[in-house]
Amino acid sequence: MITDVPGVRVGQFTDRERLTGCTVVLCPAESVGSGEVRGGAPGTRETDLLRPGMLVTHVNAFLLTGGSAFGLAAADGVVRYLEEQGEGFETGVARVPIVPAAVLFDLFLGDPSARPDPDAGYAACLAAGKDFDEGNAGAGTGATVAKIDGVSRAVKGGIGTASVADGESIVGAIFAVNAYGRILDERGAELAGPIPGPEEEEGVEPPWPGTNTTIGVVAANAVLDREGAFGLAGAGHDGISKAVEPAHTIWDGDTVFSLATGETEVPQALIREMAEEASAQAIRRAIRSAEGVPGAPAAGEARTE
């Protein structure tokens, strides 16, 4: 799990009835953070701050949330929680918590008027710890994947986590998977693809921009500067490319955040290799852990007529 990286905690808010939720990753003090957006339809907050060359280096938390752009409001609850804990960037008159966030579109399932709000973000922080659920939980509660042939043929997405260790080095990842593309297993075979239907079907809906995305966080216990953390996020995107086909499309908002806790000196090439593997594993675990709901069966479930 991403929480195998010492000091990292994860909390979630899950609305299983209306099928939405959010996931917060709380960072250890002085964690160096970065991130990269590669999809063509992102919904994000505070991502400019994460680029190399920006003033603020440390991050306090990352938020992954459902609810499309509405769900960004949940970050306000995370900020409120962190302010109460006395965490944030010191300005001289107040500490300002740094909470980059990314959303996915989960309005196709459940109640489209249900979106994570500040109270949901705050509740996720209160629930933060080492252990948490995968599949239909947090930001993955209403996620779907494999929408290449239209939303009506989508299967259930979810949230997943994994970690890779090499000696004292640990890299963990957590991803909420709501991809336009199909999901591939370790051998490159299809793990989750569109529900079978007629080879030629009139009226198949075209892709809707902004309604798909894979969002995640990669964490390492390595000593990295902002540029190194930016590369870590890039390795997370490489993991997306291994597990999602196609990835980084104009219809996806693929976004990866990264953090380095600064405990071990590790060659950056090794850290990036580990991050790519952990990210791909987390994406596959999200699909394998997901349970079917009305409108989106789990991967491998037979379609009933």
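Is Arg182 buried, exposed or partly exposed in this predicted model? Arg182 has a relative accessible area of 24%, so Arg182 is partly exposed. The legends below begin with the salt bridge of this residue.

**Figure 1. Arg182 and Glu190 form a salt bridge.** The closest N and O atoms of the two residues are 2.9 Å apart. Glu190 has a relative accessible area of 47% and therefore counts as partly exposed. Side chains of opposite charge can pair when their charged atoms come close. Glu190 also has a place in a strand pairing: in E14, Glu190 is the bridge partner of Leu184.

**Figure 2. Strands E14, E13 and E16 make an open sheet, in that order.** The pairing in this sheet is antiparallel. E14 (190-192) and E16 (244-245) are the edge strands, and each pairs on one side only. E13, residues 182-184, is joined to E14 by two bridges. Helix H4 packs on the sheet and touches E13, E14 and E16. The direction of H4 makes about 55 degrees with that of E14. Strands of a sheet pair through backbone hydrogen bonds, either parallel or antiparallel.

**Figure 3. The largest nonpolar core holds 35 residues.** The members that touch the most others are Val145, Phe175, Val177, Ile183, Val218 and Ile283. Strands E11 (158-166), E12 (169-178), E15 (213-222) and E17 (255-264) each supply at least two residues, as do helices H3 (226-243) and H4 (268-289). H4 gives the largest share of this core, nine residues. Apart from this core lies another one, of 27 residues, including Val25, Leu49, Leu50 and Ile170. In soluble globular proteins, nonpolar side chains tend to be buried together.

**Figure 4. Ile183 and the residues in contact with it.** Residues up to four places away in sequence are not counted here. Ile183 touches Val145, Val177, Ala189, Glu190, Leu191 and Ala192, among others. Its contacts also include Ala243, Val244, Ile283 and Ile287.

**Figure 5. Helix H4 and its buried residues.** H4 has 22 residues, which at 1.5 Å a residue should span 32 Å. The buried residues of H4 are Ile271, Met274, Ala275, Ala278, Ser279, Ala280, Ala282, Ile283, Arg284, Ala286 and Ile287. An α-helix has 3.6 residues a turn, so residues three or four places apart point the same way.

**Figure 6. Ala282 lies in helix H4.** Ala282 has a relative accessible area of 0% and is therefore buried. Leaving aside neighbours within four places in sequence, Ala282 is in contact with Gly160, Thr161, Ala162, Ala173 and Phe175. Ala235 is 47 residues from Ala282 along the chain, and the C-alpha atoms of the two are separated by 13 Å.

**Figure 7. Lys242 and Glu276 meet in a salt bridge.** The N to O distance between the two side chains is 3.9 Å. The pair links distant parts of the chain, with Lys242 in helix H3 and Glu276 in helix H4, 34 residues apart. Lys242 is partly exposed, with a relative accessible area of 34%. Glu276 is partly exposed as well, at 23%.

**Figure 8. Lys130 and Asp4 meet in a salt bridge of 3.4 Å, N to O.** The two residues are 126 residues apart and belong to distant parts of the chain. Lys130 is in the loop between helix H2 (118-126) and strand E9 (144-145), and Asp4 is in the segment before strand E1 (9-15). Lys130 is partly exposed at 46% relative accessibility, and Asp4 is partly exposed at 30%. The structure holds 17 salt bridges.

**Figure 9. Five strands form an open sheet in the order E1-E2-E5-E8-E4.** The pairing in this sheet is mixed. E1 and E4 (44-45) stand at the edges with a single partner strand each, so one side of each has no neighbour in the sheet. Seven bridges join E1 to E2 (residues 20-26), and these two strands run antiparallel. Thr14 stands opposite Gly21 in E2. Helix H1 (residues 74-84) lies across E1, E2, E4, E5 (61-65) and E8 (101-103), and runs at about 155 degrees to E5. Helix H2 lies across E1 and E2, at about 50 degrees to E2.

Terms used:
Residues are numbered from 1 along each chain as its sequence is written. This is a predicted model: local features need pLDDT of at least 70, side-chain atom pairs count only at pLDDT 80 or more; totals for chains, interfaces and linings use all residues. Side-chain values use heavy atoms; hydrogens and water are left out. A nonpolar core is a set of buried Ala, Val, Leu, Ile, Met, Phe, Trp, Tyr and Cys residues joined through side-chain atoms within 4.5 Å. Buried means under 20% relative accessible area, exposed over 50%, partly exposed in between (1.4 Å probe, protein chains only). Helices (H or I, at least four residues) and strands (E, at least two) are DSSP runs, numbered from the N terminus. Contact means heavy atoms within 4.5 Å. The expected span of a helix is 1.5 Å times one less than its number of residues. Two strands pair if DSSP finds at least two bridges between them. Axes are lines fitted to C-alpha atoms, for helices over the stretch in contact, and angles run from 0 to 180 degrees between N-to-C directions. A salt bridge is a side-chain nitrogen of Lys or Arg within 4 Å of a carboxyl oxygen of Asp or Glu.
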